[in-house]
Amino acid sequence: MDWHARDPEEIYEELNTTASGLSATDAAERYETVGPNEITGERQRGPLRIFLAQFSSALIWVLLLAAVLSFSIGHTVDAVLIGIILLANGVFGFVQEYRAEQSLDALRELTTPTVTVRRDGDEQSVEATELVPGDIVVVGQGDVVPADCRLVEAQNMEIDESALTGESVPVKKTTEAVNADTPLAERESMAYKGTNVTRGRGVAVVVSTGMETEVGSIAEALSSAEDLQTPLQQDLDRLGRRLGLGVVALSAVLVPLLVFVGGRSLVQSGLTAVSLAVAAVPEGLPAVVTLTLALGVRRMADENALVRTLPAVEALGAVDVVCTDKTGTLTEGEMRVRGAWVYGQAFDIERDSAGNPAEKATSESADKKRDKPVDEETGERTDERFDRLLEIGALCNDATTEEGDPTERALVAAAERRFDVAARRAERPRRDEVPFSSERKRMATIHDDVVYVKGAPDEILRRTTRVLTAEGITTMDDDVRTRIRDQIDEFAADALRVLAFAYKDRDDDGGPEENLIFVGLQGLIDPPREEVRDAIEDTKRAGIDVKVITGDHPTTGQAIASQVGVESDVLRGVDVDSMDEDELRERVEDVDVFARAEPSHKVRILKSLQANGHRVAMTGDGINDAPALKNADVGIAMGVRGTDVAKQASDIILLDDNYATIRNAIRRGRTIFDNVWKFVAYLLSANVAEVLVVFIASLFGYLILPAVQLLWINLLTDGLPALALGTDPSGDVMDRTPRDRVTGIIDRMMLELIGGTGVTVTVLMLGLMFYTLNGAPSVTPYAMTMVFTGFVLFEFVKLYLVRWTKETPTFSNAWLAVAVVASLLLQLTVLYTPLRTYFGTVPLSVSDWGLLGVVLLIGAPVLVLVGWVVKRRESSHRPILDSVESADADPELGGD
């Protein structure tokens, strides 16, 4: 409802209340109707829910089915091994995600414990949760607004609404109605739940409580948001479904074939089918993926990025758009004086006019040592005028550098660079004041011999008759006014908030704010972080678009975006509202800066980008960012300035609020994907060979590899070595574009590598099988052991082959060598210890190892040839892509 557009009397009538407040009876009755003033947002995930979530993928369900089948036909060892793998996978994922979960429900913590309310004509304190529409509340500096309220009294009142609207400057509040279509950030007659009063005092009538507030609508959007799967989760689920269907299809073909054509018993045929299922499913894949992501999480934590859900690590490396809030994310989150101007001379407030870093002066000698600024026209010294400008800002001021209004704190900080503000305030004590108000837009302080005034430039110029120049005090004529206004416009064009400063002798005629002497201007801004521009350049180089979405004014948003390297036209929130879905989907591709954006706008922009096929990361820190963080492919919250609501809606929390950390996290995510690609290719190439060998051998009547041996191959060779791949180094992954959304992890290169190596190993192992069987009518333990061990050895050859195809230096990973040696030792234990009883193996002689060596000497060159062909085909494909990209970028080559 448009409460902000109604006069207080209309509000009283609509809510059936008065300026004296409700009676206790009325309040109790309304409470029974509307319920408590609290947010019933999404609750924290409990431990059981987090643990069960680890078993939600299709691949996990295929493994569970394999375990059940193994147990049902008496292969208890196989079932136990699969169960151990699944349990380990679940525990690894649970521990990481449970640690990252926040312990508080932030939405409930937004309310203040008690609030001052008028009931039965008296002011009293009540629990904030007991407020109802129609209550009259009293709030002052330092209070958190307990509900959505329409102001009926406002005395010098300002409210920090940055967490809700993204507006970095506190909003001045009045009791005047505003237009019904006024954006949320400009509704000066309203105070919203969860915002902070930074100045003054107000009386307001509660118009909405609980879930009916603006914060409540955000909570509702969060609870209705879908939990999106990351690209890797989608890929693994797709793989699991395909493997499941493939196993069923193979079994459906193989069992009848063995029973009716091969004359095998149903039990024997079933055992072969189970072995085939075990061979087809990469049991170690979920655990290895989880452990690799967990290693990435630990490294990211060292780089100031806390990951709340494991798959988000890799998902961040797949995004192609980053939507970022401005305030506190691209900027430092606090106001600073960027520029100052006295008549005829401009200053960079961070440096003195001689180009030397400004230092705080504590003595006259320090002042004399500093190079003196010089007026650009007259050559006169400007120190006295510059110091007078800073002195007015510091003394006509109620703040310190640590406390008070953000703008006033910035003025004090600027003055501290030139002199000791506390000492100067002691020298010129304040005797009286004319306080600031949003209607007057100015403030005056009266000292022993002087009156200092600061305020909006128009208000100050209207009351000045003279100007302080390098030559002294002169009359303020039209030319002088024009020049001052030109400087105001110049500051405003740089998105600076401009304040004007003036003074007069206390014994001058007229009131304290009349017949003033104009001194100068100060321009303030919430400045960009120094490292952000380089970070954005890196993300753009990586093929990632950066879009700035802010609640700030369009001019401010565009200026800050330009300063960090995002050049674009601006689209306002009201423009977003006026567009249908098709129009917005078209515009979001061209526009990179969105201003005056409310929560609903952010979600619409995000979903339009996703509808266009983009994978989107959303960064933010405020309550207003939470719905977009929740709906994004990856939500990234600021850990220092971020609200608890934003953190709980996110996947990743930046512990240092540094945009550069996003770049590092993207690089980490891409490196992790490369390593996941390597061990998926490694695992599936082994499984393809195992399936082919088991299937073809069964057609000849041989069950050459029982399920327990296949499980051991998959667990042993695909466990430690595959995990060691997770620590592999990578090249500069930021020099390439994001991976194809459609292709997924199993791309053309992987399919060629899997097919070539799988067929090669299959031929070699079948040859070894027939050679060692030597015409035997059934499988012998010796032949089984030779093929079993041959598979293990070839897995290690393929391990280094896969790394070679991804341009990974052979000896760059010491952990990989340790893993290979450990796996070989474990293989020896099932050949030469009593464990061989459970695996059906026999000890091998020296000549047997010699035979395996011959097979390796034959097969290794063939595998290298396969890898070389795959690499050559991939490299021959890249120039085509590069030329296409160049054509798109260069109009002379046929691009746009």
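# Questions on a predicted model

Colleague: At 13% relative accessibility, does Thr 671 count as buried or exposed?

Modeller: The model is a predicted one, and in it Thr 671 is found in helix 26, which runs over residues 659-699. A residue is called buried when its relative accessible area is under 20%. Thr 671 has a relative accessibility of 13%, so the residue counts as buried.

Colleague: Leaving aside its neighbours within four places in sequence, with which residues is Thr 671 in contact?

Modeller: Contact requires heavy atoms within 4.5 Å. Once neighbours within four places in sequence are set aside, the contacts of Thr 671 are Asp 728, Ser 730 and Val 733.

Colleague: What share of the residues in the chain is buried?

Modeller: The chain is built with 32 helices and 24 strands. Of its 896 residues, the buried part makes up 56%.

Colleague: Among contacts with a separation of 6 or more, what share comes from residues 24 or more positions apart?

Modeller: Phe 386 gives an example of residues separated along the chain but brought together in space: Val 342 is 44 residues away in sequence, while the C-alpha atoms are 6.6 Å apart. For the chain, residues 24 or more positions apart account for a share, among contacts with a separation of 6 or more, of 73%.

Colleague: Which residues does Phe 386 touch, not counting those up to four places away in sequence?

Modeller: Phe 386 lies in helix 14, residues 383-395. Its relative accessibility is 6%, and the residue therefore counts as buried. Not counting residues up to four places away in sequence, Phe 386 touches Ala 340, Val 342, Phe 347, Ile 349 and Arg 418.

Colleague: Is Lys 602 buried or exposed?

Modeller: Lys 602 is part of helix 23, residues 599-611. Beyond its neighbours within four places in sequence, Lys 602 is in contact with several residues, including Asp 325, Asn 624 and Asp 625. The relative accessible area of Lys 602 is 1%, so this residue is buried.

Colleague: How far apart are the C-alpha atoms of Arg 615 and Val 319?

Modeller: Arg 615 lies in the loop between helix 23 and strand 22. With 6% relative accessibility, Arg 615 counts as buried. Although 296 residues apart along the chain, Arg 615 and Val 319 have C-alpha atoms separated by 4.6 Å.

Colleague: By class, how many residues in the lining of the second largest cavity are nonpolar?

Modeller: Among the lining residues are Leu 184 and Ala 185, as well as Thr 165 and Gly 551. By class, the lining has 2 polar and 2 charged residues, and the number of nonpolar residues is 6.

Colleague: Is Asn 774 buried or exposed?

Modeller: Asn 774 sits in the loop between helix 28 (748-773) and helix 29 (781-805). Its phi is positive, at about 50°, although the residue is not a glycine. Exposed means over 50% relative accessible area. The relative accessible area of Asn 774 is 69%, so this residue is exposed.

Colleague: What is the phi of Asn 156?

Modeller: The place of Asn 156 is in strand 4, residues 148-160. At 26% relative accessibility, Asn 156 counts as partly exposed. Asn 156 is not a glycine, yet its phi is positive, at about 50°.

Colleague: How far apart are Pro 843 and Met 786, C-alpha to C-alpha?

Modeller: Pro 843 lies in the loop between helix 31 (836-839) and helix 32 (846-889), and at 41% relative accessibility Pro 843 counts as partly exposed. Leaving aside neighbours within four places in sequence, Pro 843 is in contact with Leu 831, Tyr 832 and Arg 836. Pro 843 and Met 786 are 57 residues apart in sequence, and their C-alpha to C-alpha distance is 9.8 Å.

Key:
Residues numbered from 1 in each chain as written. Predicted model: local features only at pLDDT ≥ 70, side-chain atom pairs only at ≥ 80, totals over all residues. Heavy atoms only, no water. 1 Å grid on protein atoms, 1.4 Å probe; cavity = no way out; pocket = protein on both sides within 12 Å on 5 of 7 lines; lining within 4 Å. Nonpolar A, V, L, I, M, F, W, Y, C, P; charged D, E, K, R; others polar. Helix = DSSP H or I, 4+ residues; strand = E, 2+ residues; numbered from the N terminus. Buried < 20%, exposed > 50% of the residue type's maximum accessible area, 1.4 Å probe, protein only.
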